[in-house]
Amino acid sequence: MTHKTHKLWLKITAISIIAYAILFFIGTLKQAEKIIEFVLDFSSYPVDGLQNYDSNSTIFLSALLGGILFGWGILIWFLSTKIYDLAPEQTRKIVLISLLSWFFIDGLGCIFSGNSANVIANILLLLILVGPLWKPATE
């Protein structure tokens, strides 16, 4: 992998996380709750219509999650554009460790909440988000 590839992938990762953030933020809007309900239903496979946004607490958590994800995505974007050239290996490791930390805690939370099927989806998502960042650049 080259440094150019890593920088590009960091931006892809950032945009992906920001997209999820926006999705969860949109879930706080009554007119769009069906979109986020489907995402939750799909994430807690099988798709059975049992996930909903009927509770104000769920909507509040969606707002919090959207904000946290948005900040994380912006952080990764700025690491790729402002810091990577100064410290490419450290930047790669920071993002990789943050993604692995998300995977671990999210996976445990899914298991504890009875949504173990989401761990499988998270494995695929982790592989996509990490992409070539598994290995140091050889440039």
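How many helices and how many strands does the protein chain have? This predicted model contains 5 helices and 0 strands. Read from the N terminus, the order of elements is α-α-α-α-α.

**The chain as a whole**

The following table collects overall values for the protein chain.

| Property of the protein chain | Value |
|---|---|
| Span of the C-alpha trace along its principal axes | about 50 × 25 × 20 Å |
| Share of the 139 residues that count as buried | 32% |
| Distance between the mean positions of the 9 positive and 9 negative charges | 14 Å |

Among contacts between residues at least 6 apart in sequence, 67% join residues that are at least 24 apart.

**A nonpolar patch on the surface**

Leu100, Ile120, Ile123, Leu124, Leu127 and Trp134 together form a nonpolar patch on the surface. The accessible area of these residues together is about 570 Å². Which helix supplies the largest share of the nonpolar patch? That share, 4 residues, comes from helix 5, which covers residues 117-130.

Leu100, another member of the patch, is located in helix 4, which covers residues 88-112. Is Leu100 buried, exposed or partly exposed? Leu100 counts as partly exposed because its relative accessibility is 33%, and partly exposed refers to values between the limit for buried, under 20%, and the limit for exposed, over 50%.

Technical notes. Residues numbered from 1 in each chain as written. Predicted model: local features only at pLDDT ≥ 70, side-chain atom pairs only at ≥ 80, totals over all residues. Heavy atoms only, no water. Patch = residues over 30% accessible without salt bridge, like charges linked within 9 Å, V, L, I, M, F, W, Y side chains within 5 Å. Areas by Shrake-Rupley, 256 points an atom, 1.4 Å probe, with all protein chains shown as cover. Salt bridge = Lys/Arg side-chain N within 4 Å of Asp/Glu carboxyl O. Helix = DSSP H or I, 4+ residues; strand = E, 2+ residues; numbered from the N terminus. Buried < 20%, exposed > 50% of the residue type's maximum accessible area, 1.4 Å probe, protein only. Contact = heavy atoms within 4.5 Å. Lys, Arg positive; Asp, Glu negative; His and termini not counted. Charge placed at Lys NZ, Arg CZ, Asp CG, Glu CD.
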